[in-house]
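Visitor: I would like to learn how to read a model like this one. Please take me through it feature by feature.

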Amino acid sequence: MNRSIQHELEEIRNQGLYRSTRMISGRQSANVTLSGREMLLLCSNNYLGLAGHPALAEASIRAVERYGTSSGASRLVSGTMELHEQLEQAVASFKGCESALVFNSGHAANTGIIPALVGRGDVVYSDRLNHASIVDGIRLSGARLFRYAHNDYQQLAGLLEKRGDYGRALIVSDAVFSMDGDLAPLPELVALKRNHDALLMVDDAHGCGVIGRQGKGSADLLGVADEVDIQMGTFGKALGSFGAYAAVSAELRELLLNRSRSFIFSTSLPPAVLAASLAAIELVQSPEGDRLRERLHDNSVFFRKGLKDKGFAVPDGSTQIIPAITGDSDITMRFSEALLEENIFAQGIRPPTVPAGSCRIRFTIMAVHRRDDLQKAIETVGMVGSRLGVV
Ligand SMILES: Cc1ncc(COP(=O)(O)O)c(C=O)c1O
């Protein structure tokens with residue numbers, strides 16, 4: 001007999017892992033309207049506020065008027081439009097690399113790139129806290145997987161020493177860890193990849209647009225941009241649009257274009273999205289981009305310190321992703337519900353997104369947050385935390 005779906009849903013509920021969506025109305029900005037109530041938004045990845053920026057909206061509208069609403073096919077069928085090529089040139093020049101390939105999302109990029117690079121007989125070394133889309137890409141690849149403890153490059157070195165008789169080796173890491181907000185030790189990973197003849201891929205979904213010179217990302221910040229073989233990044237977070245890219249050598253682009261199934265077998269991104277991404281890349285490199293990054297940085301430092309001063313366990317980090325560790329699933333979800341009652345929208349994060357026992361409220365800060373709203377939020381989070389016995 002078929003396993004009952006009702007029973008499975010009950011199990012998810014009983015484990016405290018039930019998920020549902022919440023609908024917001026209006027534009028994404030520092031505040032959003034949720035079920036008719038205005039909330040301070042502290043869980044969006046729209047870090048620079050570009051999702052509501054007129055330059056991106058105008059670029060999208062113009063692109064729809066000129067090119068229509070769809071690309072109509074996969075890039076390899078009839079779906080490569082001028083805008084795809086222009087966006088790839090803009091990404092390559094922004095990232096200072098030979099070329100780039102655009103993917104339909106960060107998830108599609110990771111599940112497309114990794115199996116294109118490694119397969120049976122190859123080996124992947126992956127940080128334990130890497131994003132789920134990297135985990136999915138590795139599973140799809142069929143390569144042998146070795147996971148190393150979070151950011152533990154010494155353990156990684158030991159694993160690479162014992163590499164054995166595998167064909168190609170790939171080291172893959174989030175650059176800014178999505179649930180912890182800390183940075184990967186990219187210079188050490190580069191040294192290891194050089195010494196052990198491996199490829200290095202970093203996922204800069206949360207660094208692109210935000211850190212490095214003109215927002216060029218984590219590898220630029222840490223001075224190793226030329227040495228990372230695959231810099232993957234997304235347009236859907238700080239860049240206020242949608243989609244993803246792999247910034248790579250011309251040779252690697254050719255391989256990805258020929259082998260990435262998520263690229264080959266999917267309708268390509270539509271003109272409105274491509275045009276918004278192009279406008280965002282221009283904007284993040286402008287003086288306005290610098291100003292937004294400075295505000296984001298200052299807001300993040302302020303909020304992180306505020307939570308720490310209230311007694312929350314906040315993992316070390318310096319980025320706009322600021323987790324407050326809460327413990328188990330039940331208390332975490334009660335925490336996020338209590339914040340909603342206080343008009344603060346922040347998500348509780350549970351397994352499998354984070355390891356069991358390390359549930360958290362993941363706060364994300366934006367350049368468009370006002371300082372007095374953040375101060376009020378710190379007070380409210382502190383009050384809820386002490387009421388629930390978290391601090
Ligand atoms: C580190 C990381 N990689 C990849 C993704 C997936 O990107 P996208 O939302 O564009 O599919 C995310 C986003 O959720 C992420 O945090």
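Visitor: What percentage of the 391 residues of the chain count as buried?

Guide: First, the ground rules. This is a predicted model: local features need pLDDT of at least 70, side-chain atom pairs count only at pLDDT 80 or more, and totals for chains, interfaces and linings use all residues. Residues are numbered from 1 along each chain as its sequence is written. A residue is buried if 20 or more other C-beta atoms, placed from the backbone, lie within 10 Å of its own, exposed if 12 or fewer, and partly exposed in between. Here, 50% of the 391 residues count as buried.

Visitor: What radius of gyration does the chain have?

Guide: The radius is taken over C-alpha atoms, and the globule rule is 2.2 Å times the number of residues to the power 0.38. For 391 residues, a compact globule would come near 21 Å; the chain has 21 Å, which agrees. Its C-alpha trace spans about 55 × 55 × 55 Å along the principal axes.

Visitor: How many helices and strands are there in the chain?

Guide: Both are DSSP runs, numbered from the N terminus: helices are H or I with at least four residues, strands are E with at least two. The chain has 15 helices and 14 strands.

Visitor: Which residues of α4 are buried?

Guide: Start with the general idea. An α-helix has 3.6 residues a turn, so residues three or four places apart point the same way. In α4, the buried residues are L83, L87, E88, V91, F94 and K95. Seen down the axis, they fall within an arc of 135 degrees (taken from the directions from the helix axis to the C-beta atoms), so they line one face of the helix. The face turned away carries the exposed residues E82 and S93.

Visitor: What do the buried residues of α4 pack against?

Guide: Contact means C-beta atoms, placed from the backbone, within 7 Å. The partners include α2 (54-67), β4 (99-103) and α12 (271-284). Just after α4, G96 takes a positive phi of about 65 degrees.

Visitor: What is the order of the open sheet of three strands?

Guide: Two strands pair if DSSP finds at least two bridges between them. The order is β11-β14-β13, with antiparallel pairing. β11 (321-327) and β13 (347-349) stand at the edges with a single partner each, so one side of each is left without a neighbour in the sheet. β11 and β14 (residues 359-364) pair over six bridges. I325 has R360 in β14 as its bridge partner.

Key. Contact = placed C-beta atoms within 7 Å.
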